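Subject: Structure handover

Hello,

My notes on it follow, grouped by topic.

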Amino acid sequence: MTFPILPEQASKVAEQTDNLYWGLLCASAAACLVVFVPMIYWLFKYRCGKPADRTPRHLPQNTIEITWTLIPTVVFMCFYAWGAKHYFVIERPPPDAMDLNVIGKQWMWKIQHPEGNREIDELHVPVGRMVKLTMTSQDVIHSFFLPEFRVKQDVVPGRYTTEWFKAEKLGTYHLFCTEYCGTSHSRMVGHVIVMSPAEYENWLVQGHPSETLAASGERLYRELGCSGCHEGKSIVRAPPLQGVFGKPVPLNNGEVVMADEAYLRDSIVFPAKQIVGGYTNDMPSFVGRINEEELLEVIAYLKSLGGSNPQPSAE
Ligand code: CUA
């Protein structure tokens, strides 16, 4: 069902979100009617001077209390369950989704494709494929909003947030920043272009990317000297990074953390924060030597070394 007052539904999730929204609206409207219709009726019926029967009546108090507590509780708990179920769908990117990166900055959106294509304020995706966005900001908080897909997520400096969607229809859709981020916030807008898989392949090739994201990452990995310590024959002992992505990592303090994108990012920027079990902290921080785009490239390289997608956790 579509209602002209909402944006077009370009995904299954959009449809489900709208159903929940209309369900809540109908339940609220019904609750409103139950209160206001009798109220207005009685207002007229017992108006001052009207000859109505005003004999006090004694109703069973407990029955009334229990009924009007129980019925709304059950109804609204059903909405809670419905909403929670939908929330988990939205918050957990499917593990087999296509991985794209988004970097927000005043005032533009930069997108990285694994094949090496880069774009600004435009996001080209194939129809029918699940797309997972790993997002971060290089300055202030932005928010990545795709109204036709009903997904919106803050994009925060210093951490990764994710968002996923699956376009079901070809077309061009809106992309907005929905967090006030300075003078040109209102111009931090763009488009999502949903193409057929063949057109998308074509678009990737026509972009002539010089190297894949993982290859750019590998180049940086060598240039920044990471390979000097993290590879086999090195003198300085550093944990090997082959296949580390998506695996649990035991730390020096006894904790075990999942090697996801955020862990890899933190290990590059704040190496002292989480030290791998059996190692000492000999690594310098790379703050100021690597930017957000490059960090995502190095992470793409580390992911390409094997490992698996970590099981999504609900935050
Ligand atoms: Cu970026 Cu508002």
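Valine 35 sits in helix α1, which covers residues 12-45. This is a predicted model, so keep that in mind as you read. With a relative accessibility of 48%, valine 35 is classed as partly exposed. Val35 also belongs to a nonpolar surface patch of about 580 Å², together with Phe36, Met39, Ile40, Leu43 and Phe44.

Next, the cysteines. How many disulfides does a search of the whole structure find? The number is 0. A disulfide is a covalent bond between the sulfur atoms of two cysteines. For cysteine 32, the closest cysteine sulfur is that of cysteine 26, and at 13 Å it is too far for a bond; the cut-off used for a disulfide is 2.5 Å between the sulfur atoms. Cysteine 32 has 38% relative accessibility and counts as partly exposed, while cysteine 48 is exposed at 80%.

Salt bridges are present: the search of the whole structure gives 13.

- Aspartate 18 and arginine 150: their side chains form a salt bridge, with 2.7 Å from N to O. Aspartate 18 is in helix α1 and arginine 150 is in the loop between β6 (142-146) and β7 (151-155), so the bridge ties together parts that lie 132 residues apart in sequence. Both aspartate 18 and arginine 150 are buried.
- Glutamate 297 and arginine 118: the N to O distance in this salt bridge is 2.9 Å. This pair also links distant parts of the chain, as glutamate 297 is in helix α7 and arginine 118 is in strand β3, 179 residues apart. Glutamate 297 is buried, at 7% relative accessible area, whereas arginine 118 is partly exposed, at 40%.
- Aspartate 266 and lysine 273: the closest N and O atoms of this salt bridge are 2.6 Å apart. Aspartate 266 counts as buried at 13% relative accessibility, and lysine 273 counts as exposed at 53%.

An α-helix has 3.6 residues a turn, so residues three or four places apart point the same way.

Helix α3 spans residues 197-206, and its buried residues are Tyr200, Trp203 and Leu204. These cover an arc of only 100° around the axis, which puts them on the same side of α3. Which residues are carried by the face of α3 turned away from the buried side? That face has the exposed residues Ala198, Val205 and Gln206. On the buried side, the residues of α3 pack against β1, β3, β4 (122-126) and β10 (189-195). After α3 comes histidine 208, which has a positive phi, near 40°.

Helix α4 spans residues 213-223 and has Leu213, Ala214, Ser216, Gly217, Leu220 and Tyr221 buried. Looking down the axis of α4, these buried residues fall within an arc of 155°, so they line one face of the helix. What they pack against is β1 (98-105), β2 (108-112), β3 (118-120), α5 (226-230) and α7 (292-304). Glycine 225 follows α4, and its phi is positive too, near 85°.

Strand β1 is a partner of the buried residues of α4 and also of those of α3. Is asparagine 101 buried or exposed? Its relative accessible area is 7%, under the 20% limit, so asparagine 101 is buried. Apart from neighbours within four places in sequence, asparagine 101 is in contact with Lys110, Ile111, Gln112, Thr134, Leu213 and Leu296. Leu213 in that list is one of the buried residues of α4.

Last, alanine 81, which is located in helix α2 (residues 61-91). Alanine 81 is partly exposed, with a relative accessible area of 45%. From C-alpha to C-alpha, alanine 81 and glycine 207 are 45 Å apart in space, and they are 126 residues apart in sequence.

Regards

Note on methods:
Residues are numbered from 1 along each chain as its sequence is written. This is a predicted model: local features need pLDDT of at least 70, side-chain atom pairs count only at pLDDT 80 or more; totals for chains, interfaces and linings use all residues. Side-chain values use heavy atoms; hydrogens and water are left out. Buried means under 20% relative accessible area, exposed over 50%, partly exposed in between (1.4 Å probe, protein chains only). Helices (H or I, at least four residues) and strands (E, at least two) are DSSP runs, numbered from the N terminus. The arc is that of the directions from the helix axis to the C-beta atoms. Contact means heavy atoms within 4.5 Å. Patches are made of residues with over 30% relative accessible area and no salt bridge: like charges are joined within 9 Å, nonpolar side chains (Val, Leu, Ile, Met, Phe, Trp, Tyr) within 5 Å. Accessible areas come from the Shrake-Rupley method with a 1.4 Å probe; for residues, only the protein chains shown count as cover. A salt bridge is a side-chain nitrogen of Lys or Arg within 4 Å of a carboxyl oxygen of Asp or Glu.
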